[in-house]
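Thank you all for making time this morning.

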Amino acid sequence: MSIPTDPLNFIPADIFFSSVPNFARPNHVVKVESSDSVDKTDPLRYAAHLTLGATGRDQDTHCLVQFVTPQIWRIRYNPKFSSVSQYPDANSRVIVMNSFADLVDHLQDEFRDSEAWNSYPAGNKWSWKTTFEQTKDPDHWILSSVEYEDGISSPKVNTRLHILGTPFRIIATRVLQPMPSDSEVLKELSVGGVSAAEQIVWQTTSQVFSYQGDPNINVINNVVMNVVKPPSGEYLGFGEQGGRTVLKKPTFMNYFCYDNYNYTKVYGQGALDTREPLCVLDVPFAPYINPGSNQFRYHSTPFFLEMNATPSYRNVTGLMVDNYSQVAFDLGRTNSKTIGVATRFNTFDAYIMTADDVPRMIWQYTSIVGRPKLKPRFVLGHHQGCYGYDSSATVNGIVDGYQRSQIPLDGMHLDVDFQDRYRTFTVNGINFPNVGDFLRNLKARGVKSCTNITPIMTLRESDSDPYNALRNFWDMKDKSNPATNLLVGDRRYLDGLPNNKPLCWRYDTPGQMNATSLNPDDLGERPSFADYIGATIYRDNYVFIEPDPSKQQGNYNSGFPYHGGVSYGTNLGTPGYYPDLNRAVAREKWGEQYQYLFDNGLEFVWQDMTTPAAGNCYGDMLGFPSRILMSDDTYNQDPKKQTPTKTAIELWGLYSYNLHKATYHGLNKLKGRENRRNFIIGRGSLTGMHRFAGLWTGDNGSSWDFWRISLAQVLALGYSGLTIAGVDMGGFTFDPAQSNVPPPHWCDPELLIRWYSGAFLLPWYRNHYNQHFDTKVFQEPWQYTYAFEKFGNLIPSNLYSLYMSVEPICRYYVQLRYSLIQVLYDTMFANLINGLPIARAMLVTDPDDTSLFNANDDYIDNQYLLGYNILVCPVINPGISNRDIYLPGSDMWYPSNLRVNIGGLGNDPVGLKHAAQLEKPVSGGTTLSFGCSIPDAVNNASQIAYVTPIYIRAGAIIPQIDVRQSINENDQNSVCIHVYPGIKDTSYSMYLDDGVSRDSAPADLPQYKHREQPDVHNPNDADSTNEAKSKYREVKISQSHAPSYRLITLSHPWDGYDASSNIGSIYYLGIWASKSTAPTDAHQVSFSFQDQDEKAISDSTLIGSYDATRGVLSVSVPVALVPSLAGPNTSSGSSAGKYIAVKVAGLN
C-alpha cells in the first residue's frame, strides 16, 4: 500500500502506526505542579502541569491534565509547546462552551439542576474541587477530584489520577460498586463477597506518549497516547465506524471526513470485513485486504467505550478525541495489551470519563458535546428520496403511488435535479414550474419537502445570466477584500511541498489500497461537466498555474477565490467556489440564502457533499487541497477582517460542521419561520454536529452486507449522542458485487422486505436510491407490485409471490411504525433531557447482562430496542425462515401483540388499535427460535406480523395511535396506552405538544439556558435567544403491583399545553393480562378509581370493561380528571404527589 509523497495528507492508520516505533518518547516526569485556586483564570485550576523529560537530545515537553467534572478529565499534549501557558482556554467548536473555564462552571450547574434519571447524582448544594499531593514516594503525585454534598459536609474523594514519574504513567482509580449478580447471590448465601472497592478504571502504558514532527513541515504534529487494554475489556461505540459488530475486535480505525462512496475508497473491499468490521466484501479484490484494518467513513466521531474491564464491578470508561483532523486508533492490533490513540495535526486533546453504566456515561458525554434541540415530529415518519426525480410530474406520481398503496409518507427528498444548472439555492423552472404551488401542494397532501443543498456555488454566471446567491458572497471588483469576499481564498502553505509541485491525492483505485495523484495543472486530467443530462459537455479549462510571468497569474496561490468543482456522477456537475463558512459573517450570509426556497414551501434541508466532496483534480481526499489556508473559526471574529488561517488538513472536518451550523442558525432566523422547528439531514461531519442536524451514513448499496452493518452503525452512533441517525433503506446504489450485471437494476425484493420490516423502529426511516446512469429503475415498495408487468422477462416466475408481497409487508411495517410514532417521539423528546438514543443497543437497556460480552455477544449486532421496552430482532441474512433471538436481562418478555389493521376491519371496537391477545411470556436470558419466514402476503396476510420478531418487556407502558397517511399538525388522534403485566414497578412519560413549535421545548434544559454564546462581532452566529417556553404536557403513567392487585396511576408532572387537538379529551388504557393467566369470566376482574390518598373517585365519565376474548381491561380516563402538578395549567392548591389511579384486581 502506498501513501502520498506529500505527508500533509491522510495516511491510513495501519501505515501510520507502523512508523510509531521511530517516534520520540518522553519517559520520565521532571516536575508536577498544580494550584489550590478556584479562580477560573488560573490555568492550573483543577489541573496539573506535567513537565516531561526524555533521554537523548529531545527537549522537555509539557502535558496539561485537567479535571472537567469529578469523573471526567482532559489530557492535552503538544510536544512543540515550551510552556503550559500555550494551552489555550478556548475550546474547539465540538465542545458546548466557548472556553474551558466556562465549561467547568456550567457543568457544575448542570449537574445540580438535571432531573434526568441517568444524570450525575448531585444535590442543589453539591460542589467539587481538586486536591493535589506528592506522596512519600518522590515519583508519585495524585490529583484527586473531591465532592461536597453541601457547604458543611466533609469532602469525599471521587476519582484519583496517579501520576508516576519513572517510568512516566497516569493511572485513574475510583471506588466502584459490585455488580449486582455477584453481590446478591453471595448475600443470599451469607458469604462475605465482593464489596465496594477502589479500582483502576483507566491507565496508560509505561510509554504514555510518542511523537514526531517534520523539520520541513511545521504543521505536522504526530502524537500517540498509549493506553492499557485490559484482557477482559470490551470495546464499542466508535461513531459511524460501528461496522458489522458493535463489540470490536483488534483493528485499526481511521477517522477522517471523506466522501466514501460505497465504502470502497481506501481498502476497496466494501461494507464488511470477515474478521472486523468494515472492509471485506466478496468481490474480486479480496486478496488485497488487510483484515485488521478498518475502512473510514464520511463522519468523524472518535469516541469509544470500554466495558467489562473490571468484571466484578460497575464501571464504563469512555474516551473522546477532540480534533478537527485525522484521528487513528490501534485497538490492540499491534499489541493486544495496548490501545494507541493518535492525532496527526494540532494539539493532542482527549477527554476520558468514567461512569457506573452506559446510560450514565452517555449523559456525561452529551453534557460535554451537547444535546440537540427539539426536532419536528414529522422527521420520525417515512421518507422517500431519489437521485432522478427530475420533474414535478415525476414527484407527484410517486406521491400518488404511495397514497394509492396506503403506505404512509411524510418526507420527499429532491436531489440536485431540482436545481437550475446546479446553482445551489435555485429551482429548475422548466421541470419544476410554479415551484411554490408544487411544494405547497405536496404539503397539503401531508408530504413535506426538502432539497439537496451542497456547499458549492457554481462560477458559471454572467451579467446577462446572473447567479445572485454567488454574488452575495463576493464583490468581483474587489476580490481580495475580506469584508466583501466571503469565499474560500486560494492561498497555500508551501513549506516542504515535494518538488514544489501541487498534486491532488486520494485513495480510490479499488483493491489496490494505493494513494494516487492527479495534476490540477494538466488540462487532460481535468473533469468534464454538463448542466443536465443531454446538455453540452464542457471541460473546466481555467488557468491553474500561468507559466508566462508576463500574463495574469493563474488561480493557484493567488488569494482569489479557490476554484473547485463537484461531480454528481458521470459528466453531471459544475466548477465553482465555496463560501468561507469558517467565518461567522459568511455563515450568516449562507443562512439568508434559504429564504426563497422556504418562502415557496420547502420545509427542511438535505445537506450533502459536505466534506465538500470536491471532484477529481480539485483537492485532496475529495475535499479541499490539504495545503490551502482556510479560515480558522476563532471566537469573536471581526467581520471586516480576515481571520487567522490554518491549513485545510488541520481544520479538515470543521468546514462540514460549520455548514450544518450555518444552515441551522440561518433557518431559525428566516422570515416566516418564527417559532418553527427546523431540521437538517446531513452527512460527513464532526462530533457535535448532532446539535444542528441528523446524520445519514452516505452512499451505501443494495446488499445484505450493507443491511447488516446499518444496524451496528445506528446503534454505535447512538452511543455518541446522535438522535436522528440512519442509512439509505434499500441501498443508494445497486449491489456493488453485481457491478458487471447489465441494467436494469433494483433492490432484491427479499432484501427490501427485510430492510423495511427490520428497520421500522430505527430513528431515520428513508428509502433513497439513484435512478441516474442505469443505477436503478425503482425502489418504492409499491412499484414491486408492477415489476412483472414491466420486467417480467427478467424475473423468474417462481418469484411472483415474493414480488407481490413487498407492498403489503412494507405497508404493514410502515403503518405499525406510524401507530407507534408517539413512542418514537417520546424517546426523541426525552433525549433532550437524558441524551439517550431513540434506538438502543441492549448494553444500554440491560447493562447488567454480562452474557452479552460472551455467550450472547452475537445478538448485540442484530437486535435493538426502541427506548426501553420494545425489542426488535431483524432478519439480516437471505433465505431465513427461523432466526434465533436473545431476550436480555432478568425481565420477562411478551411476544408483541401490537398490530395495525391489515384486514379492512375498520376501527377496533374496543379501542385497542387492533392489538391481539397477549401470549405467554418468556424469561429474560432465554434464547429461542422464532419463525419469521416471508409469507405470501396477499393470500396469508395474518402472518405478516411475524416477518420480524418483536418482543415487549414485562411491565411496559406503550402508547399507540391510529395510523395516518402522514403526520400533520392539529390532527386529533386518540391514544391507547397499553399497560403490560410485570413484577417490577414501572413508569413511562408521554410528551404531548404541537410537534412543530420551538417554544414547546423545556425551558430549563442546559442547551436552552447556557449553551448559545454568540461572538461579540457576530451576535447572529448563535441562537442566543431562548425560545423554549415549556409549552408541552408530560403525561406520567406508572404501574405498581401488590399480591392481589395492580395500581396504574396517571398525572401531569408538567402541564403547559392543551393537548385536546392531539389526542382529544380521553386517555384510553388497555390493561393486559397474559393469555395463559387471563380470566375467562369478566366477573373475575374488578376495578376502581382512587387518588393518591386512596380515596375513591366516583365520576360517571370514568368507565371500563373487560374483554375476556383478548384478556384486556379497557379503561377511559378523562384528561380533565388527571392532576397537573406543575406548569401554567396546574390545579389550584397544593398538587405535589397527586395522581388518579386505576386499581385492578384479578388481572395479575
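Helix H15 is largely enclosed by the rest of the structure, because 13 of its 14 residues are buried. Please keep in mind throughout that what you see is a predicted model. H15 covers residues 821-834, and at 1.5 Å a residue the helix should span 20 Å, which agrees with the 19 Å between its end C-alpha atoms. Just after H15 comes Gly 835, which takes a positive phi of about 75°.

Helix H14, residues 800-819, can be treated in the same manner: its 20 residues should span 28 Å at 1.5 Å a residue, and the 30 Å separating its end C-alpha atoms agrees with that. Where along H14 does the helix bend? The bend, of about 35°, is at Val 806, and a proline, Pro 808, follows within four residues. H14 is also largely enclosed by the rest of the structure, since 17 of its 20 residues are buried.

Leaving aside residues up to four places away in sequence, Ser 392 touches Asn 431, Phe 432, Pro 433 and Phe 438. Between the C-alpha atoms of Ser 392 and Leu 670, which are 278 residues apart along the chain, the separation is 25 Å.

Let me turn to the aromatic rings. A pair of aromatic rings is described by the distance of the centres and the angle of the planes. With centres within 6.5 Å as the limit for a pair, the count comes to 68 aromatic pairs. Take Phe 111 and Trp 126: their ring centres are 5.9 Å apart and their planes are at 20°, so this pair is stacked. Phe 111 belongs to helix H2, residues 100-113, while Trp 126 is in the loop between H2 and strand S5, residues 127-134, so the pair ties together parts that are 15 residues apart in sequence. Both Phe 111 and Trp 126 are buried.

Phe 1087 counts as partly exposed at 30% relative accessibility, whereas Phe 1089, with a relative accessible area of 9%, is buried.

Ring pairs can also join into a cluster, and one such cluster links Trp 746, Phe 778, Tyr 784, Phe 788, Phe 791, Tyr 800 and Tyr 803. Some rings have a charge over them as well: the charged end of Arg 377 sits over the ring of Tyr 825, 5.0 Å from the ring centre, and the charged end of Arg 526 sits over the ring of Tyr 542, 4.2 Å from the ring centre.

Now to the nonpolar cores. Which residues touch the most other members of the largest nonpolar core? They are Phe 209 and Tyr 1067, in a core of 315 residues. If we again set aside residues up to four places away in sequence, the contacts of Tyr 1067 include Ile 977, Met 990, Leu 992, Val 1035 and Leu 1050, and also Arg 1033, His 1052 and Ser 1116. Apart from that core lies another, of 17 residues, with Ile 220, Phe 256, Tyr 493 and Ile 649 among them.

I will finish with the backbone. The peptide bond from Thr 166 to Pro 167 is cis, with omega near -10°, and Pro 167 is found in the loop between strand S7, residues 156-164, and strand S8, residues 169-176. The bond from Thr 611 to Pro 612 is cis too, with omega near 5°, and here the proline is in the loop between strand S28, residues 604-607, and strand S29, residues 629-631.

That loop between S28 and S29 also holds Met 609, a residue other than glycine whose phi is positive, near 50°. Met 609 is buried, with a relative accessible area of 9%. Asn 557 likewise has a positive phi, near 60°, but its relative accessible area is 21%, which makes it partly exposed. Asn 557 lies in the loop between strand S25, residues 538-539, and strand S26, residues 564-567.

Conventions. Residues are numbered from 1 along each chain as its sequence is written. This is a predicted model: local features need pLDDT of at least 70, side-chain atom pairs count only at pLDDT 80 or more; totals for chains, interfaces and linings use all residues. Side-chain values use heavy atoms; hydrogens and water are left out. Rings of Phe, Tyr and Trp (its six-membered ring) pair if their centres lie within 6.5 Å; planes under 30 degrees apart count as stacked, over 60 as edge-to-face and the rest as tilted. Helices (H or I, at least four residues) and strands (E, at least two) are DSSP runs, numbered from the N terminus. Buried means under 20% relative accessible area, exposed over 50%, partly exposed in between (1.4 Å probe, protein chains only). A charge sits over a ring if NZ of Lys or CZ of Arg is within 6 Å of the ring centre and within 35 degrees of the ring normal. The expected span of a helix is 1.5 Å times one less than its number of residues. The bend at a residue is the angle between axes fitted to the seven residues ending there and the seven starting there. A nonpolar core is a set of buried Ala, Val, Leu, Ile, Met, Phe, Trp, Tyr and Cys residues joined through side-chain atoms within 4.5 Å. Contact means heavy atoms within 4.5 Å.
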